Amino acid sequence: MLRIESISKTFNPGTINEKKALEELSLHLKKGDFTTIIGSNGAGKSTLFNAICGNFLTDTGSIYLDGQDITFEPQFKRAKNIGHLYQDPNKGSAPGMTILENLALAAGKGGWLSHISKNDKKVFKEQLARLDLGLEDRLNQPVGLLSGGQRQALTLLMATYNPPKLLLLDEHTAALDPQTAKKVLKLTKEIVKEHQITTLMITHNMSDALSLGNRTIMMDNGHIILDVSGKEREEMSVNDLILQFKLKSGNNLDNDRMLLSK
């Protein structure tokens, strides 16, 4: 479903601020793969997502989605097939519009109330009830008045209402309280499994990295330094991951949030 071939990206080339964010990185994902991504600060995780989304063009390499070359495709065209959730709950929805209007946009109704049928409202309520946050009875409330957790859960629902070919989750529960984060992760697992959505999830929680999905990759300095799945992954502990990072990179893990999430 996703094929990345030897992509590289250097920011501010030729200056004192030059930064090689990605270097000859390749990655292949089969349809339905749910892959978690971990790595130290500045490893290139979010840069990889931005490259896939088309926020910038890579210096070298190619990106294919479902067999189509999207290397030079503009961001707005890629967005039709790629869902993206950010760490910031305020991204991904329109704060001045109601829950109903946001869902209508996600469903392709244009956001206009005149286009929303009674059946649409019924379906929206059923989907919102899955969140277990009471939003099904607050359709006419502006999204800007929701809590961070409520808004992030709604954004997840919007991003997958018409299941994308690829779902990118950039630490989408990091800003939430533990209880809400648990709910959003549970919903994430259910939706991904139900629709067999190919998914990449960046996380700072190493336990989640090993327990969610079917594959884990570790990044460092713009490279993938570890790629585990199957029995090897099932038998791996968080301490094993830390040791592997040191062995593969030659450095100690410097991400405090990751170390504290053991």
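Mentor: Start with Gln152, which touches Leu85, Tyr86, Gln87, Asp88, Pro89, His172 and Leu176, leaving out residues up to four places away in sequence. Contact here means heavy atoms within 4.5 Å.

Trainee: Where is Gln152 found? And is Gln152 buried or exposed?

Mentor: Gln152 is found in helix α5. Gln152 has a relative accessible area of 0%, so it is buried. Buried means under 20% relative accessible area, exposed means over 50%, and partly exposed is in between, with a 1.4 Å probe and protein chains only.

Trainee: What kind of model is this?

Mentor: This is a predicted model, in which local features need pLDDT of at least 70 and side-chain atom pairs count only at pLDDT 80 or more, while totals for chains, interfaces and linings use all residues. Residues are numbered from 1 along each chain as its sequence is written, and side-chain values use heavy atoms, with hydrogens and water left out.

Trainee: How many helices and strands are in the chain?

Mentor: The chain has ten helices and ten strands. Both are DSSP runs numbered from the N terminus: helices are H or I with at least four residues, strands are E with at least two.

Trainee: Back to α5. At what angle do α5 and α6 pack?

Mentor: Helix α6 (residues 178-195) packs with α5 at an angle of about 10°, and their axes are 10 Å apart. That makes the two helices, α5 and α6, roughly parallel. Angles under 35 degrees count as roughly parallel, over 145 as roughly antiparallel, 65 to 115 as roughly perpendicular, and the rest as oblique. The axes are lines fitted to C-alpha atoms, for helices over the stretch in contact, and angles run from 0 to 180 degrees between N-to-C directions.

Trainee: Which residues of α5 and α6 meet?

Mentor: From α5 there are Gly149, Ala153, Leu156 and Thr160, and they meet Thr180, Val184, Leu187, Thr188 and Ile191 of α6. By class, that contact of α5 with α6 has five nonpolar, four polar and no charged residues. Ala, Val, Leu, Ile, Met, Phe, Trp, Tyr, Cys and Pro count as nonpolar, Asp, Glu, Lys and Arg as charged, and the others, Gly among them, as polar.

Trainee: Is Thr180 buried or exposed?

Mentor: Thr180 is buried, with a relative accessible area of 14%. Its C-alpha atom is separated by 24 Å from that of Gly39, 141 residues apart along the chain.

Trainee: What about Leu157, which residues is it in contact with?

Mentor: Leaving aside neighbours within four places in sequence, Leu157 is in contact with Leu103, Gln127, Leu128 and Leu131. Leu157 lies in α5 (residues 148-160) and counts as buried at 2% relative accessibility.

Trainee: Another pair, then. How do α3 and α4 pack?

Mentor: Helix α3 (residues 99-106) and helix α4 (residues 118-129) have their axes 11 Å apart, at an angle of about 100°. The helices α3 and α4 are therefore roughly perpendicular. Ile99, Leu100, Leu103 and Ala104 of α3 make the contact with Lys121, Phe124 and Leu128 of α4. That contact of α3 with α4 has six nonpolar, no polar and one charged residues.

Trainee: Last topic, the whole chain. What does the C-alpha trace span?

Mentor: Along its principal axes the trace spans about 60 × 40 × 35 Å. Buried residues make up 48% of the 262 residues.
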